[in-house]
Amino acid sequence: MRKSTGKIPLGGGVGRNRTVNADGQTNVSERGLSLADRVLRLIWEEQQISRAEIARTAEMSRSTVSEIVDDLLKVGLIAEVGAGPSRGGRRPIVLEFQDTARGILGVDIGATHVSVVLTDLRGRELAWKEQRHPVRSDPQGTRALVMNLCDACLGSWHGGSSRLLSIGVAVPSPVDPVHPEWLSEVVIPNWQGRSELERLHQKYDAPVYVDNDANCGAIAEHWWGAGRGISNFVYVKLAYGIGAGYILNGEIYRGAGGAAGEFGHMPIDPRGETCVCGLKGCLATFVGTEALEARTRALRADFPDSAWSDDQPSLAALLDQALAGDALALKVVEEAADHLGTAVASWLNLMNPTMVVLGGGLTKLGDVLLTPIRNKVKACTLVSAAAMAKIRTSELGPRAVALGAATLALEAAFAEPSLFRRKARPEVR
Ligand SMILES: [Zn+2]
């Protein structure tokens, strides 16, 4: 294994590469795509294309294209797959992007689970492993579990770790672009601010990219799901906690310190319960998992006719009961939808996105959740442009965040194509 450089790069938009070195200094290089990058991206987008078509589309000389193509053939990223239709002369050789030439690991570290996906270079799932785990209280066990699940995914793939391109990790914490290895001590205090994800880099000798979980969900929906072709939308993750990822002009918007989209800490009621962040009445204190479970217990006495008699109501049971039409469960969901509607409306009035994509466990409720949110939003958005936003559920479902973590790493490879050209490494044991 090559000696580790200790670097954890942070994913950015295509055409931009940011890396953070061990001293915490950030190198941000904004640059246009080189000729080779443009050819690679074009073949990926078209999937099958001839050298002549590349030269025409990219407005490059045939000899430059041939030189770049030879290089890509050598590293196995593309292959020659027969002859295409003639445009008057010799039939051209068709080049095809090889989606399975490399694999990418996407890790979703949630509050109560770890999921790992191995994808090809087009976001298709090659392997999936997940396990429930008390992530918030057990950082060491979580780190070991991440490694185990990564090993299991790689072990089930014929490519093994030698063809691993890179690793993306979604964390349940804001991620500071200057210090992507740090975690919020407020949101997950037991981790004491350290993700120690550089261990993944050391073990697999592959670059590791880190971002907030809701940002990863937004990236996945933008590349492969409900947000395809949409430049301005927000993805709201309704899970243990509440977070949002904002795609602004086609790129994820992280804010100055990486804390953009902390939707769950939007103040709803200054006299409300104290939130994990120390403030009072944040949205998360009304619609986070613990809040919903507590609200169910509190309302029980008001619904003596409810057939639901669970002493320790869980979120899963709440969702099932609401779908079955239980009055108590529906009341809890209705209140949550009302608070969510208020928060979504504030966001629409501020940012005027085209669409709001709701993801996470709560979206299992479908229209039981969506209809009251839409009604509340309609009542709270006075500007018609804001009210026009479409509100829908995620297209990718519960695997969006892990897929988005892998996509973060794919996006980074397009921004830094030399990663693609690294030779396959010896197998990690
Ligand atoms: Zn809060």
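Helix α1, residues 35–46, and helix α2, residues 51–58, have axes that come within 11 Å and cross at roughly 115 degrees. Axes here are lines fitted to C-alpha atoms, for helices over the stretch in contact, with angles from 0 to 180 degrees between N-to-C directions. Helices are DSSP runs of H or I with at least four residues, strands are E runs of at least two, and both are numbered from the N terminus.

The contact involves Arg38, Val39 and Leu42 on α1, and Ile54, Thr57 and Ala58 on α2. Contact means C-beta atoms, placed from the backbone, within 7 Å.

A word on the source: this is a predicted model, where local features need pLDDT of at least 70 and side-chain atom pairs count only at 80 or more, while totals for chains, interfaces and linings use all residues. Residues are numbered from 1 along each chain as its sequence is written.

Now the whole chain. The protein chain has 13 helices and 16 strands. Of its 429 residues, 43% count as buried, that is, with 20 or more other C-beta atoms within 10 Å of their own, again placed from the backbone; 12 or fewer is exposed, and in between is partly exposed. Among contacts with a separation of 6 or more, 63% join residues 24 or more positions apart.

Ala206 counts as buried because it has 21 C-beta neighbours inside 10 Å. Beyond four places in sequence, its contacts are Leu164, Leu165, Ser166, Ile167 and His201. Ile167 is 39 residues from Ala206 in sequence, yet 6.8 Å away in space, C-alpha to C-alpha.

Terms used
Two residues are in contact if their C-beta atoms, placed from the backbone, lie within 7 Å.
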